[in-house]
Amino acid sequence: MGLIEFQNVSKNYGQVQALTQVSLNLEANKIYGLLGRNGAGKTTMLNILTNKIFPTVGQVLLNCENVTENDNAQTQMFYMSEMNLYPEGMRVGQAFRWTKEFYPNFATDYAHSLAQKFGLSTKKKVKALSTGYNSIFKLIITLATNAPIIIFDEPILGLDANHRDLFYKELLAKYNETPQTVIISTHLIDEVADILEEAIIIKSGDIILQQPVEQMLQSAYTVSGEESKVDEFAADKKVIHQEMLGRFKSATIYGECHSEERELAASLNLDITSAPLQKLFIYLTN
Amino acid sequence: MSILPKVTKYQIYDAKNAVLIYYLVILSLVALVGVYSSSTSSVSVVDVTISSNVNNSGLEAPTAVVKREQSMQEDNSFNASGLEGSTAIFLFVLGLNLFKTSFKFLSANGVTRRRFFRENTLAIMIIAALLTIIDTIMGATFKLLGHYQPLYEQIYGNITLLNGIVWAFAYYLAAIMLGWFITMLYYRSSSLLKIVISISPAIVFIGLTYLNRIWGHVFSTIGQFFIKFWSINNLNSYVAARNLLLFTVLLGGLVFLLMRRAPVKD
Amino acid sequence: MVNYRCNEPLNTLSFGCERMLFDFNSEKPLYMQLAEAIEDNILKGIFVEESQVPSTTEVSVNYKINPATAAKGVNLLVEEGIVYKKRGIGMFVCSGAKGKIAAKRRSTFYEKYIVSLLEEAKKLSIDKNDIISMIEGSN
């Protein structure tokens, strides 16, 4: 359940190529991160997956069935779209009730308890919600549907730090309790990195990397210390980022850190630390 | 209510308020006219046209445009006519508003275009049937109160109730479908095309007037077509009903084609 | 560099009066850091032998990390015989775990601490005798 496959999907809007031959395989019950810059094509991919728009070329399969115009496939997914798709005059509570009509496994009590935790009044009309509470409203619905596949497009837009924290915890609590396939699309990498099991990096309509996050994090590291020593260490290596404060320098190296690198660093009196996923992401998507 | 398909259920729920307001307005106007006409010696026939603000955020409360026409009557009795005309116009406007907001919301809930088309068609059939029944009952009530003629009687003379109901249903269904069709045209059109569509009735009319000057038979041909369509020549309401249903099916087909590749946009 | 993640415990199975410390910037994978943090707490006596350790769910939610990562860290400890699973209840510290961890760590103690201590002392021009006095003077 939940095997999603993009088969050579391309999408163009007139002259603009939004997606170029995207092929992708997603397994069930993992938390995936779809990472990319603004306009890289994340939302386009998700819109095609959830039948909002049509691919120009190629198809997307769910359990070997084409998802386009497929009632069965679409009811197994719930997508927290960035678009404002809810009627302005609808109240939060009403939206819960109607979602339950279309997603029978929607947990109404859970949704209401989440609303309380986030401080969202269920009597409020959609048009009266601020940007942050609009996101909260939509993410609560997404969490409560109990669909086999749930998709979040920039879920933390406009959320303050407390609400972001609460969201991650509630998402993980839910995921731990009932495994689902989760896709989080965002450009805010570091916050979300620890939650993801696997990340897909998209750049200008192209998938450039798909890897377990743990592996991605191992593919770069940071050395820091005295400037000349750092330069010596990094001479034959791929430096993807550097910072300097006086003679103190830290350089992010793209490559794996094995014992020889550790020994060399030790001998040069350098510290080795991890490279944040964000730095790696910036380098890869530049 | 719970055995209905979900989309049907939602669409009927969405239309509920508009329908209630419409009948509230009708009844208030009828009550006002009833009071007015029974207390004066001159009688006016009130022709009520209900129109609505059609804008992107959906149906606003209908506003009533009341036209008065003088008519000669012998007694101070309650007088009204042609409820069906108003209801048809109301349903046309309803049709204009039943797509955009609902389509977005239902799309967010995993409803495909095919499913929306199917279940919405059922919804409009139910709405048309419901309003037919309501209008028939209201018409019968008005008849008891005074001189009232349903629109179909005015056109076809004294036909049976069943006749009238079938005709009204077909009329209402066609009205909603026409509204849906036009809203689909707009939805699928670029801004330029929207402008073109908006001014095309005027252009067509001007064009026809010009052609009429040259050829001379244009308007009479069109007139003949309408007479045949509504079976006014033969006064056969069943033929009219059949034609209206065919018209509905034709528009439905076009609506389906327009919907097939419709993107969901903000 | 050590980062301090403070969180409210989910239920009564708290982490004790101390919080688990994660060294975010260590270049070790997160699951390894988690395993080491649990080992630390066992050594300190916070997680007593035959008592329950936080479940993967608790760790995952409290520290906002993917459950697969949390599970991997715990499994590492299971493999090394430091924790074990009681079916239907949860994860418990093995008897003798403390000893096992101590033995494991003793073998890397020299590399990890003595070498860097000596390096640092060299930087500061502290000679061996001063170091020995410092050690003897402390408790």
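**Confidence and contacts in a predicted model**

Let's start with chain B, residues 50-62. pLDDT, the predictor's confidence in each residue from 0 to 100, stays under 50 over this stretch. The model still has 28 contacts for residues 50-62 of chain B beyond four places in sequence. Two residues are in contact if their C-beta atoms, placed from the backbone, lie within 7 Å. Residues 66-77 of chain B also sit below 50, with 23 contacts beyond near neighbours in sequence.

Some ground rules. This is a predicted model, where local features need pLDDT of at least 70 and side-chain atom pairs count only at pLDDT 80 or more, while totals for chains, interfaces and linings use all residues. Residues are numbered from 1 along each chain as its sequence is written, and chains are lettered from A and ligands numbered from 1 in the order in which they are written.

Back to chain B. Its average pLDDT is 84, and 82% of the residues score at least 70. Helices (H or I, at least four residues) and strands (E, at least two) are DSSP runs, numbered from the N terminus.

Now, chain B against chain A. Chain B puts in 19 residues and chain A 21. On the chain B side, α1 (6-38), α3 and α4 (113-145) each give two or more. α3(B) gives the most, with 5 residues.

Last, chain C against chain A. Here 14 residues come from chain C and 19 from chain A. α2 (56-63) and α3 (67-79) of chain C give two or more residues to that side of chain C. α2(C) gives the most, with 3 residues.
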